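Please read them with the structure open.

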Amino acid sequence: MKIVKKILIGLALVFVLIIAAAFILPVVFKDDIKAAIDKEIEKNVNADVVFDVNNFSLSLFRNFPSVTVEIKELGVFNRAPFEGTPLFVIERLEAEVNLKDVLFGDQLRLKGITLVDPQITIKVLADGRANYDITYPSTDTTTVEEEPSSFSFGIDHWEIVHGEVIYDDASIPFYTSIAGLNHSGSGDFSEKAFDLKTKTAIESITVRFDGVEYISNKQAVVDAVIGISEEYSLYTFKENVTRLNDFALSANGWFKMNPNDFGMDISFSSPENTFKSLLSLVPGVYTQDFGKIETKGDLAFSGFVKGTFSDTQMPAFNFNLKVDDAMFKYPDLPTAITNINMDLLVDNKTGVIENTLVDLKKLHLDFGTNPVDARMLIENLKDYRMDAQVKASLNLAELGKMFPMEGLNMAGLFSVDASANGVYDSLKKIIPAVNVAMALKDGYVKSAEFPLPLEKVRFTSSVKNTSGKMAETFITVTDFGMVMDGESFGGNLSLQNLDDYTWDLNAKGGIDLEKITKIFPVEGMTLAGKVKADLETKGKYSDVEASRYDKLPTSGSASLKDFKFTMTDLPYGVTISHADAVFDPKKIELKNTTGTIGKSDFAVSAAISNYIGYVFGNETIKGNVNFNSTLLDLNEFMTDTETTETTDSASMGVIPVPQNIDFILHSNIKTVKMMDFVISNAAGDVIVKDGVANLNGIKFNLLGGAFTVAGTYNTKDINHPLYDFGLKIDNMSVQQAANSFSIVKTYAPIAGLVNGNFGTDFKISGELGQDMMPLMNTVNGSGLIKVAQAALTQSKLVSGITSLTKLSDADNVTLKDVLMSATIKDGQLSVKPFDVKFGSYVTTVSGTTGIDGSINYGLKMNVPAGKLGAQFQGLVNQYTGGNNSTSEIPLNIGLGGSFTDPKVTLLAQEQKEQVKEAVTAAAQEKGKQAVQDLLAGEKPKDAINSLLNPKKDTTKTAATDSTKTDLKQDAQKALENKLQNLLKKKKN
């Protein structure tokens, strides 16, 4: 007993520890768990797996005695080439594992899985790459014998709640989407043979193959028992029913997955034999009131799929559909569609798709008293050998008594009688012999949204071909006409020879666009205006291809009045008050065209030639256009992107210049608004040709300055648009230029602190970015900049210089009648020497500004010796011995660093040379004065001694004696030479 007691105590302790661990471990070690999972995912999975370890939990109580693992908000997102595609996203995933297996078993048995709100998107590209292939390929080629798994599937239950599945396979091509998927099932996957039991309900399913939609937004319910055996490769259909809307289908047979193909022998039939179930598949019929529709008639549906499916083979297939003596009638409508009979067979005995037979032996139905009959036999899908006929006569007024058409009234007698017999071969240019006759008399259409009807609609048309040769096809539409609110429109068309389309068309009349859109509304768009046209055109397509446009007689006239156009996603409306056009085969003349686009107005006249070649052959269209406007607001045409600063120019994108347009645009625009700029009095010519816009003497006023622009804007390479302009500007504010133009802001940031106006004659070129702004590293330019008068104060540059020189009266920089020569190359602005004034001190400036904001300038400033600070005065005294006989000293100042953090330095060695030269020049001046005194009567020796031995300043130290001696020797030698020259001249 003690032993048993110890065992029970031990088991209880283990059980308690397991329960505690279930709560504690995920909390205590959640970061370690997350890191370990992330590491394994990164090593094995080529996708982004997103989850939060806080959303991971274990529970012993939810499905006791099973352990429940729960993960919330898990997502798997693809990488290239499926970036951003969510492969698998789920709100909640639960898995149940038997606790007994956890404690004592050698295998973990998965008992249940629940997926809540899963979204599964499977995509396969045309080259076969699939987004579900997210594991890295193994580099280990060693074959290892697999050991028995310690994990088994013995699922008691699985469930999908409100799932969404998309399968998009471009390699087939096949597409299906499932929404509102609710599914449950069970099966013991640990058995060699077992039954899989499933129940599925789908709110909406769409199936599309090779561009054809076979199932559109249908509801589906599937209850099935499927036997699984032979190592999960053989699937046997047992009890099963599949419903699409109300149409039921059951299947019998088997499906087997072989190593290289799929084998199958499946037969299917409809367990129900009512016509109403088939009617539920007709688009627009299966609504909430479907149950109230009165029907009768018998339905028989059956078929099979049998054989092998692989990359090179298809199984044989067959299905039959028969409807006998059916009818249906909508509630509250007086007339039924009766005598519905159909017999359809689709049969393929070989599995070769070209050998498919489609035989619609009979189709008949009566729309009230209006019969419709059709039959069609297509013997194969290779040359489409066919024999078909359709014949119908419909009183459109009676359709409203059979189908719910709320708000729409129709009337008129429509008839069709068509037959086709023969083969279709596009390579041999053979079509079936056809004979089609269609007509509409006294047509009438009225919409509840608009009170004016479309009346007296009529046409007679025919299609005839007796030989099967495309060249012998004749199509006619005669006596087409309609009337709307008293405005008539009519025309005739003759089209023949489908090898070389030959047409003859004439049309005349007026159309009220607003009334047309009321009858045939277009969502999100309003259209108004009255069009009148009288045109004729005829010709052959071979003449179009050969550019023989003179053989395409086209002439007529058209006018448009009170045109209005708006769209919900277009931020501006378009109006045309009036427009007249006259055209012939050579040109179109546009006259008297005025209107608005948003806030902008325009008046246009033009002569456009080669328009037929432009429309049909993508040839170059040519024109001469006059464009006048009082306001052109370009901001309305840019993408509406709100920013906290100015309008985002990046939203514009590169404005392309078409390659196949050769236009001369003469423009005269009073005001242009673009971003924050207001341009006035813009006039000049723009020549558009070969993808390049040439601006020829464009003149305008901007920011107070007068501009003249000539040059090119080139978008032949749309990824690298180029500009090359000659730019003349007069009397523009320096500060406004710096604040408005990125090139000035980049290369001359100091301009933002300068008060005054400037002018320039500058050539500039470079590349534009995709935001239509200059790429600074591509800018090249050169030219002259003229400044009549300007001033600079309160700059770090100025304060740095005054701090270095100790000049208290040099903090105001002025420019007057300055002419600067500047170049931009390799990311640098270079300025040749020009003069400014720091206070009253003339200063010569030259140097460079880099694209990175760096500056490197040299300043030469002439300053009276007595004005210098102690540092500079000491340097001068080294050469003068304290005698400030020198009137001005040139200072050499270096300006480096950046505009925001300038570094001001004295160029020491150069400065010494400048001081020495200044003192020498002063000494030479004194020597000249001495000689003049000599000639005036003073003894030469006294004059020289007076010069070389001035009155000493006893306050100076002996440190200057050596320098003074050298200076005296140099001065003495210079004076002696000067004296000898003067004496020789005197003697002569």
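1. Salt bridges. A search of the whole structure, which is a predicted model, finds 18 salt bridges. A salt bridge here is a side-chain nitrogen of Lys or Arg within 4 Å of a carboxyl oxygen of Asp or Glu. Side chains of opposite charge can pair when their charged atoms come close.

2. Basis of the values. As the model is predicted, local features need pLDDT of at least 70 and side-chain atom pairs count only at pLDDT 80 or more, while totals for chains, interfaces and linings use all residues. Residues are numbered from 1 along each chain as its sequence is written, and side-chain values use heavy atoms, with hydrogens and water left out.

3. Arginine 92 and glutamate 94. These two residues form a salt bridge in which the closest N and O atoms are 3.0 Å apart. Arginine 92 is partly exposed, at 28% relative accessibility, whereas glutamate 94 is buried, at 10%. Buried means under 20% relative accessible area, exposed means over 50%, and partly exposed lies in between (1.4 Å probe, protein chains only).

4. Aspartate 168 and lysine 123. Their side chains meet in a salt bridge, 3.3 Å from N to O. Aspartate 168 belongs to strand S7 (residues 151-169) and lysine 123 to strand S6 (residues 119-124), so this pair ties together parts that are 45 residues apart in sequence. Strands are DSSP runs (E, at least two residues), numbered from the N terminus. Both partners are partly exposed: aspartate 168 has a relative accessible area of 23%, and lysine 123 is at 27%.

5. Aspartate 584 and lysine 587. Here the salt bridge spans 3.7 Å from N to O. Salt bridges that share partners join Asp584, Lys587, Glu589 and Lys591 into one network. Aspartate 584 is partly exposed with a relative accessible area of 27%, and lysine 587 is also partly exposed, at 31%.

6. Surface patches. Asp52, Glu73, Glu91, Asp117 and Glu164 form a negative surface patch. Of these, glutamate 73 sits in strand S3 (residues 66-78). A nonpolar surface patch of about 400 Å² is made by Met257, Phe262, Phe309, Met314 and Ile353. Phenylalanine 262 lies in strand S13 (residues 262-269) and is partly exposed, at 32% relative accessibility.

7. How the patches are defined. Patch residues have over 30% relative accessible area and no salt bridge; like charges are joined within 9 Å, and nonpolar side chains (Val, Leu, Ile, Met, Phe, Trp, Tyr) within 5 Å. Lys and Arg count as positive and Asp and Glu as negative, while His and the chain ends are not counted. A charge is placed at NZ of Lys, CZ of Arg, CG of Asp or CD of Glu. Accessible areas come from the Shrake-Rupley method with a 1.4 Å probe, and for residues only the protein chains shown count as cover.

8. Strand S16. How many of the 12 residues of strand S16 are buried? The count is 10, and the strand (residues 337-348) is mostly covered. S16 pairs with strand S15 (residues 316-329) in the antiparallel sense over 9 bridges; asparagine 320 has leucine 345 of S16 as its bridge partner. S16 also pairs with strand S17 (residues 357-367), in the antiparallel sense and over 9 bridges, and aspartate 347 has leucine 357 of S17 as its bridge partner. Two strands pair if DSSP finds at least two bridges between them.

9. Cis peptide bonds. The bond from alanine 80 to proline 81 is cis, with omega near 5°; proline 81 is placed in the loop between S3 and strand S4 (86-98). The bond from isoleucine 172 to proline 173 is cis too, with omega near -5°, and proline 173 is in the loop between S7 and strand S8 (174-186).

10. Positive phi. Asparagine 681, in strand S34 (residues 677-689), has phi near 55°, a positive value in a residue other than glycine. Aspartate 817 is not a glycine either, yet has a positive phi of about 50°. Aspartate 817 lies in strand S40 (residues 813-825) and is exposed, at 64% relative accessibility.

11. Serine 229. This residue is in strand S10 (residues 212-229) and is buried, at 18% relative accessibility. The C-alpha atoms of serine 229 and glutamate 191 are separated by 8.7 Å, and the two residues are 38 residues apart along the chain.

Conventions. Helix = DSSP H or I, 4+ residues; strand = E, 2+ residues; numbered from the N terminus.
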